[in-house]
Amino acid sequence: MNEEHSDIITMEDMANLFDVTDSFLIDRESIQVELTKEDPGMVNLEDGGELEITLPLNASVQEWSATLRNTLEQLGFGQA
């Protein structure tokens, strides 16, 4: 498995993820990110308002960012 598709999240993955969530003004403290990746990736809004995010294994966060944006909009978050 190459570095781009490692099954462990990297600091670059987190930076790309936060680029998206920051554009929605989502508090980073309300985001839980799984340490390992799983396809197809997922976003869940927990009852307490926290986001649980699992990054995809076979796509970079940059490639998956459109899916993340769409999912956040469907969950009711608006971009700043």
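The legends below describe close-up views of a predicted model.

**View 1. Strand E3 and its side chains.** Strand E3 comprises residues 51-54.

**View 2. Pairing of strands E1 and E3.** Strand E1, residues 31-33, pairs with E3 in the parallel sense through three bridges. Within this pairing, glutamine 32 is placed opposite glutamate 52 of E3.

**View 3. The hairpin of strands E2 and E3.** Strand E2, residues 42-45, runs antiparallel to E3 and is joined to E3 by four bridges. Methionine 42 is located opposite threonine 54 of E3. Five residues separate E2 and E3 in the hairpin, and glycine 49 in the turn adopts a positive phi of about 90°.

**View 4. The salt bridge of aspartate 13 and lysine 37.** The closest N and O atoms of aspartate 13 and lysine 37 are 3.0 Å apart in this salt bridge. The pair links distant parts of the chain, 24 residues apart: aspartate 13 belongs to helix H1 (residues 11-23), and lysine 37 to the loop between E1 and E2. Both residues are buried. Lysine 37 has a relative accessible area of 7% and therefore falls under the 20% limit for a buried residue.

**View 5. The salt bridge of aspartate 22 and arginine 28.** The structure holds two salt bridges, and one of them joins aspartate 22 to arginine 28, with the closest N and O atoms 2.5 Å apart. Aspartate 22 is partly exposed, at 30% relative accessible area. Arginine 28, at 43% relative accessibility, also counts as partly exposed.

Key
Residues are numbered from 1 along each chain as its sequence is written. This is a predicted model: local features need pLDDT of at least 70, side-chain atom pairs count only at pLDDT 80 or more; totals for chains, interfaces and linings use all residues. Side-chain values use heavy atoms; hydrogens and water are left out. Buried means under 20% relative accessible area, exposed over 50%, partly exposed in between (1.4 Å probe, protein chains only). Helices (H or I, at least four residues) and strands (E, at least two) are DSSP runs, numbered from the N terminus. Two strands pair if DSSP finds at least two bridges between them. A salt bridge is a side-chain nitrogen of Lys or Arg within 4 Å of a carboxyl oxygen of Asp or Glu.
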